[in-house]
Amino acid sequence: MSPTASTNTAATTEPLPGHVGNLTVKEQDMLKQLWTRLFDLFKQKGTEYKPVKQEEAPAKKGGWFSKKETTQQKDVFIGTTTDPTWLTLPLEKALPLIPGPQLAKTFWGMVATDNPDAVCLRFLRARKWDLDAAYNMLTNTLRWRLVHRLDDIVALGENGIRDELNKAKPEMGDCFITQLNSGKAYLGGPDKAGRGICFINVNLHHKEDQPVEVIKLLTMYVMETSRVVVHQPVEAACIVFNMDGFTLKNMDFDFVKFLVTCFEAYYPETLGSCLIHRAPWVFSTVWNLITPLLDPVVATKIHFTKDYNELQNFVDSASLPGNITGDKDKKTLDEKKIDPVPAGKLGTPTTAAYQEYQNMIKEYQIETLEWTKAKSVEGGEVAARHELARQYRMARFAAELDIRGPTSYQAKGLVTIKDGRVLLNYGSEGWTPLDITESV
């Protein structure tokens, strides 16, 4: 099956139960209640917080028997614009402190170019349609996104992040760019379900090469960047861990724990498949330590492939890079040489397209509020909700280049955003660039 055929097949498949366009009356009611609670949350006043500049605490002098002070490493970017209690306090105590408009802004940043209903439904499905649990999971994600500055990561782009990190700590931003361009992680695809793929070459990763904060920022940057390729009904992604050449020196539990937590707590229902390819026998010891960290649902999505033939059960050879197929002449879009992209910047855009996008958010919320008050019926208002989501997506893409800092993925042609249209090009053999603008 060719890459184009597999994607086109996925795009024409009937939506799965519990997904956009295929909801029972009970599921519609649950979605409406979740929207209602969010709208109420976005109205809360909260407590204004003005961040203070972080400074190193002076070392305390002491005598021979004085207790040693242990200095804890602080992040220089993550958490520097928000009250630390937003994340350290229990959710029920922290949430009322956060101003509603900030929660609303980061919510729409999380939705980005996706179908807003689809985003909410992921949390409901992840919590097995328990409304309270889904609401808590979603709001916990919003406070996490505020503290980890996901909207700023998107706005800055890779070289904007570099500049901000270098300001906070010399050479830290350069380290981020070095790791981004190291080849340890890059985007491609699709797999046989039409999903985008993040390939991770584990043998290129060494924990001591970068601070923990850099690997966290790199992970979040790749995840947020890859979400541009999301197009209904393809909601999830595939990860291929290429374990060829792995040794214990490449193991990084901090990274593994962070990645697992991201997928389980903050990006629910977005991992479609995780392929661990050519894991050596020494990895079995490591795997025994990782397994207890995994949610049972996530664990079912993990597959081990011992050779190239087994991997092709999940990904066509045309979508696999040369370091896996053995074809040294095969080049991926990610290997394309480009000049450094400009740095993005922080601050609210002032363009007409961005204002239209903000107006569309208001319209979406007004229409959705009215929809929440209407009685749910079997198969009700699918067409109307679809058209509203389409209009939202079109407005977001028209403003996307104002919101999202430049990325090398755009420069290399994986995603082309021009005149409000979006073309997806994995660059694999037989792949035809796909217009995903209106795929909601």
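Modeller: Leu-34 is found in helix α2. Bear in mind that the model is predicted.

Colleague: Is Leu-34 buried or exposed?

Modeller: Buried means under 20% relative accessible area. Leu-34 has 0% relative accessibility, so it counts as buried.

Colleague: Which residues is Leu-34 in contact with, leaving aside its neighbours within four places in sequence?

Modeller: Start with Leu-131. Leu-34 and Leu-131 are 97 residues apart in sequence, yet 6.9 Å apart in space, C-alpha to C-alpha. With the neighbours within four places left aside, the contacts of Leu-34 are Cys-120, Leu-124, Leu-131, Tyr-135 and Leu-138.

Colleague: What volume does the largest pocket have?

Modeller: A general point on method comes before the number. Rolling a probe the size of a water molecule over the atoms shows where empty space is left. For the largest pocket, the volume is about 1200 Å³.

Colleague: Which residues lie nearest the centre of the largest pocket?

Modeller: The lining has 47 residues. By class they divide into 20 nonpolar, 13 polar and 14 charged. Nearest the centre lie Lys-105, Thr-106, Asp-151, Tyr-354 and Gln-358.

Colleague: Which helix gives the most to the lining of the largest pocket?

Modeller: Helices that each supply at least two lining residues are α2 (25-42), α5 (100-111), α7 (131-148), α8 (150-168), α16 (352-373) and α17 (382-403). One of them gives eight residues, the most: α16.

Colleague: Turn to helix α12. Why do its buried residues line one face of the helix?

Modeller: The buried residues of α12 (residues 283-290) are Phe-283, Val-286 and Ile-290. Seen down the axis of α12, they fall within an arc, so they line one face. In general, an α-helix has 3.6 residues a turn, so residues three or four places apart point the same way. The arc for α12 is 60 degrees.

Colleague: What covers the buried residues of α12, and which residues are exposed on its other side?

Modeller: The cover includes α11 (253-266), β4 (271-277) and β5 (302-305). Exposed on the other side of α12 are Asn-288 and Leu-289.

Colleague: Which residues does the CRAL-TRIO annotation cover, and how far apart are the end C-alpha atoms?

Modeller: The unreviewed UniProt entry annotates a CRAL-TRIO domain over residues 185-332. Over that stretch the chain is 33% helix and 18% strand. The end C-alpha atoms are apart by 13 Å.

Colleague: Where is Tyr-186, and is it buried or exposed?

Modeller: Tyr-186 lies in strand β1. Leaving aside neighbours within four places in sequence, its contacts include Ile-197, Phe-199, Pro-321, Thr-332 and Tyr-409. Its relative accessible area is 7%, so Tyr-186 is buried.

Colleague: Which peptide bonds are cis?

Modeller: In general, most residues other than glycine have a negative phi, and most peptide bonds are trans. Pro-190 sits in the loop between β1 (185-188) and β2 (197-201). Pro-233 sits in the loop between α10 (212-226) and β3 (237-242). Cis bonds, with omega near 0 degrees, run from Gly-189 to Pro-190 and from Gln-232 to Pro-233.

Colleague: Ala-112 has a positive phi. Is Ala-112 buried or exposed?

Modeller: Its phi is about 50 degrees, although Ala-112 is not a glycine. Ala-112 is placed in the loop between α5 and α6. At 3% relative accessibility, Ala-112 counts as buried.

Colleague: And Asp-419, buried or exposed?

Modeller: Asp-419 also has a positive phi, near 55 degrees. It lies in the loop between β6 (415-418) and β7 (421-424). The cut-off for exposed is over 50%. At 74% relative accessibility, Asp-419 counts as exposed.

Technical notes. Residues are numbered from 1 along each chain as its sequence is written. This is a predicted model: local features need pLDDT of at least 70, side-chain atom pairs count only at pLDDT 80 or more; totals for chains, interfaces and linings use all residues. Side-chain values use heavy atoms; hydrogens and water are left out. Buried means under 20% relative accessible area, exposed over 50%, partly exposed in between (1.4 Å probe, protein chains only). Helices (H or I, at least four residues) and strands (E, at least two) are DSSP runs, numbered from the N terminus. The arc is that of the directions from the helix axis to the C-beta atoms. Contact means heavy atoms within 4.5 Å. UniProt positions are given in the numbering used here, feature names are shortened, and annotations may be inferred rather than shown by experiment. On a 1 Å grid over the protein atoms alone, a cavity is a set of points where a 1.4 Å probe fits but cannot get out, and a pocket is an open set with protein on both sides within 12 Å along at least five of seven lines; lining residues have an atom within 4 Å of a point. Grid points are joined across faces, edges and corners, and a volume is the space filled by probe spheres set on the points. Ala, Val, Leu, Ile, Met, Phe, Trp, Tyr, Cys and Pro count as nonpolar, Asp, Glu, Lys and Arg as charged, and the others, Gly among them, as polar.
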